[in-house]
Amino acid sequence: MAANSSSLSLSSHSSLPLNRSLPHRSHQPSPNLPFTNDPLSTRLVSVRAQGGSERAFSVDGFESGSGPKSVAHSDCVEAPSSSSAIDFLTLCHRLKTTKRKGWINHGIKGPESIADHMYRMSLMALIVGDLPGVNRERCIKMAIVHDIAEGIYLNLLYFMLFFVSNVENSIVGDITPSDGVPKEEKSRREQAALNDMCEVLGGGLRAEEIKELWAEYENNSSVEANLVKDFDKVEMILQALEYEMEHGRVLDEFFLSTAGKFQTEIGKSWAAEIVSRRNSRLANTLN
């Protein structure tokens, strides 16, 4: 999500990397993540103390080797275990509930969530015609993960705070220009958050694919990334038009910020169609 005054972002949080040491408090009960009925499954989490030393803890509170539930963590696993998959998906619940901050800042009531935005982008990649040299399946995957690092750590933060005192609050969240955070720093924080998410997933091929897709999009380093970047802007101005119609607002900022910035012919064509419909509507409103 672009870091400019017209970009859409989540409610602002700072990021809390998972690679911190958890004190050994095995006498405390295991916390439950929201929306799950059972305690967190036993799995090692690599964590780093403020002094820099690293230790491994299972998520039930036992330090690795100190309790019967500790299990070895392997980066060679090709597919996530059931417990890792459900932990990861539980974190992703935040994408469904966190509203995009750009709309909130413009007074839109009940605005879309991050997941809403990514879902329609994925549909764009699904319905677009075949393009020479473009892997459409890769575009769909990229659209699904491009904003995945934003705003998902409150559930995991609950676990961290349960076992760790005086932790440094560093949740990423949505960063807007008013936050004064440079684009490079925003990207660095999201990269760190993504790495932590992939640790929760258990590493392996699926985690590496997510990181690769995210980096490719972030760096705009392929024709697929060019197209998905355009879909990001197309989805934003389409949503702006819909909010104009629904709320009787004029949201010029979102159209002005994207004008002339589309990289692909598809992006230019779809954006022109949206702008044409908007112009017709505004003209009818004035008459």
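**Notebook: charged pairs**

I looked up Glu-244 and Arg-278 first, and both are buried (buried means under 20% relative accessible area, exposed over 50%, partly exposed in between, with a 1.4 Å probe and protein chains only). The model is predicted, so I note that local features need pLDDT of at least 70, side-chain atom pairs count only at pLDDT 80 or more, and totals for chains, interfaces and linings use all residues. Residues are numbered from 1 along each chain as its sequence is written, and side-chain values use heavy atoms, with hydrogens and water left out.

I found that the side chains of Glu-244 and Arg-278 form a salt bridge, 2.7 Å from N to O (a side-chain nitrogen of Lys or Arg within 4 Å of a carboxyl oxygen of Asp or Glu). This pair links distant parts of the chain, with Glu-244 in helix α8 and Arg-278 in helix α10, 34 residues apart (helices are DSSP runs of H or I, at least four residues, numbered from the N terminus). Glu-244 counts as buried because its relative accessibility is 0%.

I then checked helix α10 and found Arg-277 and Glu-273 there, 4 residues apart, about one turn of the helix. They form a salt bridge with the closest N and O atoms 2.8 Å apart. Arg-277 is exposed because its relative accessible area is 55%, whereas Glu-273, at 40%, is partly exposed.

In helix α7 I looked up Lys-211 and Glu-208, 3 residues apart. Their salt bridge has its closest N and O atoms 3.1 Å apart.

How values were computed:
Helix = DSSP H or I, 4+ residues; strand = E, 2+ residues; numbered from the N terminus.
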